[in-house]
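Here are my notes for anyone opening this entry for the very first time. Have the sequence and the model side by side as you read.

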Amino acid sequence: MKLMITAKGDNLNSTIDERYGRAEYFIFYDTESGDFEAIKNPFLNDQGGVGVSTAKFTIEKGVNAIISGSYGPNATDVLKVSNIELYKAVPGTVEENIKLFKEGKLQKF
């Protein structure tokens, strides 16, 4: 399963970024291999439509589930049509949230 986690940095020890569309980084994590890739948000400084742009980017990356603090309504509509599961992050690091996800302890959004 491929996860996308919104983060304030480019590694698993980074703090969760509460914002979905305006997150500083996206961490793409493979739950089977443990491999990850960090990408700086290419839409961070756009003026409008950031949530939808980020949602389309997420779909293109083949993500199955997202962990973030909040999701805008337009982004949520696009993501739910694509059957991507949305989870509410808890304060802490990316790694801590991945652990909670694997244990089934994160709440669905």
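1. Some housekeeping. This is a predicted model, where local features need pLDDT of at least 70, side-chain atom pairs count only at pLDDT 80 or more, and totals for chains, interfaces and linings use all residues. Numbering starts from 1 along each chain as its sequence is written, and side-chain values use heavy atoms, with hydrogens and water left out.

2. The parts list. You'll find 3 helices and 6 strands in the protein, and from the N terminus they come as β-β-β-α-β-α-β-α-β. Helices (H or I, at least four residues) and strands (E, at least two) are DSSP runs, numbered from the N terminus.

3. Overall size. The radius of gyration is 12 Å, close to the 13 Å that the globule rule gives for 109 residues, so the protein is as compact as a globular protein of that length. That radius is taken over C-alpha atoms, and the rule is 2.2 Å times the number of residues to the power 0.38. Along the principal axes, the C-alpha atoms fill a box of roughly 35 × 25 × 25 Å.

4. Of the 109 residues, 43% count as buried; buried means under 20% relative accessible area, exposed over 50%, and partly exposed in between (1.4 Å probe, protein chains only).

5. The sheet. In which order do the 6 strands sit in the open sheet? The order is β3-β2-β1-β4-β5-β6, with mixed pairing. At the edges are β3 (36–40) and β6 (107–108), each of which pairs on one side only. Two strands pair if DSSP finds at least two bridges between them.

6. Strand β2 (residues 25–30) pairs with β3 in the antiparallel sense over 5 bridges. I27 has A38 of β3 as its bridge partner, and Y25 stands opposite K40. Between the two strands are 5 residues, and in this hairpin G34 takes a positive phi near 80°.

7. Helices on the sheet. Helix α1 lies across β1 (2–7), β2, β3 and β4 (65–68), running at about 25° to β2. Helix α3 (residues 94–102) also packs on the sheet: α3 touches β1, β2, β4 and β5 (85–88), and its direction makes about 145° with that of β1. Axes here are lines fitted to C-alpha atoms, for helices over the stretch in contact, and angles run from 0 to 180 degrees between N-to-C directions.

8. T58, in helix α1 (residues 50–60). Is T58 buried or exposed? T58 is buried, with a relative accessible area of 0%. A polar atom of its side chain lies 2.8 Å from the backbone oxygen of T54. Leaving aside neighbours within four places in sequence, T58 is in contact (heavy atoms within 4.5 Å) with M4, Y20, V63, I66, L79 and I84.

9. T76, in helix α2 (residues 73–81). This threonine is buried too, at a relative accessible area of 11%. Here the backbone oxygen of G72 lies 2.7 Å from a polar atom of the T76 side chain. Beyond its neighbours within four places in sequence, T76 is in contact with Y71, L86 and F109.

Methods: Polar contact = N/O pair within 3.5 Å; in protein donor to acceptor, adjacent residues only side chain to side chain.
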